[in-house]
Amino acid sequence: MGTNTLVEYENVTITNTYTGESIVRGFTASLKPGEVLGLVGESGSGKSITCRSLLGILPRGFEITDGRAEVFGHSVPGRSAQDWLEVRGVRIGAVFQDPGSYLNPSIRVGSLIAEPLRVRLGMKRREARDRVLHLFREVHLPDPDDVYQRYAHELSGGMLQRVLIAGALALDPEVLIADEATTALDVTVQAEILDLFLELNQRRELALVVVSHDLAVVAQLCDRVVVLRHGEIVDHGSVDEIILRPRHEYTRLLVDEHQKYGIEKFLIPSGGHG
């Protein structure tokens with residue numbers, strides 16, 4: 001594993017040990033500081049289960065049974081629960097679909113985001129509040145003081161997603177996983193959230209893993225793309241290679257679906273998205 005490589009998976013297999021079925025087979029990818037890696041494929045292709053392994057939250061009975069999987073230089077299999085507490089939410093943050101389900105409806109959102117700052121960093125109440133307000137401004141929430149006092153049901157889907165992104169950034173992670181993070185949002189809000197991810201990537205040098213069934217989302221954000229189907233990688237390469245020179249029939253189908261929207265407009269001449 002390179003000294004500055006954050007994540008390195010080589011020929012990784014993830015198995016449902018109850019059934020013996022391999023859910024992901026031969027997965028290979030790496031991530032360095034500031035890189036944006038896209039995982040694209042339909043539901044059930046293995047995208048989310050792979051990301052759950054990065055966070056140490058595989059469902060009961062699911063295990064990495066083959067290959068080499070390292071996060072921050074340490075092997076993923078066999079890592080203790082205590083080890084994961086020092087990684088999950090600290091060095092790796094995550095944002096998922098349906099943000100409302102991740103926020104306690106009976107606690108004001110500002111207090112929810114402040115809690116880990118007080119517990120993990122020992123901040124006093126006022127210091128934590130100031131930090132949360134700073135994070136709310138960073139993710140472009142309007143009127144952060146007002147949002148701080150709101151409950152989840154009082155906020156729109158786009159505002160809730162920004163609150164969750166602020167929470168994921170609270171402890172200054174090196175990696176952020178965005179797992180279908182814009183799927184439930186309308187097109188205008190989706191575009192704003194994608195712009196925010198790019199801004200955070202560039203300003204913080206934050207490495208991103210962007211998971212989506214939508215190739216257009218991945219094309220806007222990523223440097224490199226891995227295409228998954230039925231638990232296996234069927235294509236991989238730079239965004240330009242995947243869109244302009246897809247090698248696998250399934251990738252060509254994904255590209256063809258978006259041709260009418262002019263997916264090439266997301267490419268830039270240098271071939272880099274950072």
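A pocket here is an open set of points, on a 1 Å grid over the protein atoms alone, where a 1.4 Å probe fits and protein lies on both sides within 12 Å along at least five of seven lines; its lining residues have an atom within 4 Å of a point. The model shown is predicted, with local features needing pLDDT of at least 70 and side-chain atom pairs pLDDT 80 or more, while totals for chains, interfaces and linings use all residues. Residues are numbered from 1 along each chain as its sequence is written, and side-chain values use heavy atoms, leaving out hydrogens and water.

**View 1. The largest pocket and its centre.** Welcome to a space of about 620 Å³, the volume being what probe spheres set on the points fill. Of its 21 lining residues, Arg88, Gly89, Ala94, Gly167 and Ala168 lie nearest the centre.

**View 2. What lines the largest pocket.** Strand 6 (92-96), helix 3 (109-121) and helix 6 (157-169) each supply at least two lining residues; helices (H or I, at least four residues) and strands (E, at least two) are DSSP runs numbered from the N terminus. Helix 3 gives the largest share, five residues. By class, the lining has 16 nonpolar, three polar and two charged residues (nonpolar: Ala, Val, Leu, Ile, Met, Phe, Trp, Tyr, Cys and Pro; charged: Asp, Glu, Lys and Arg; polar: the others, Gly among them).

**View 3. Helix 6 beside helix 7.** The contact (heavy atoms within 4.5 Å) includes Gly158 and Ile165 of helix 6 and Val189 and Phe197 of helix 7. Seven nonpolar, two polar and three charged residues make up this contact of helix 6 with helix 7.
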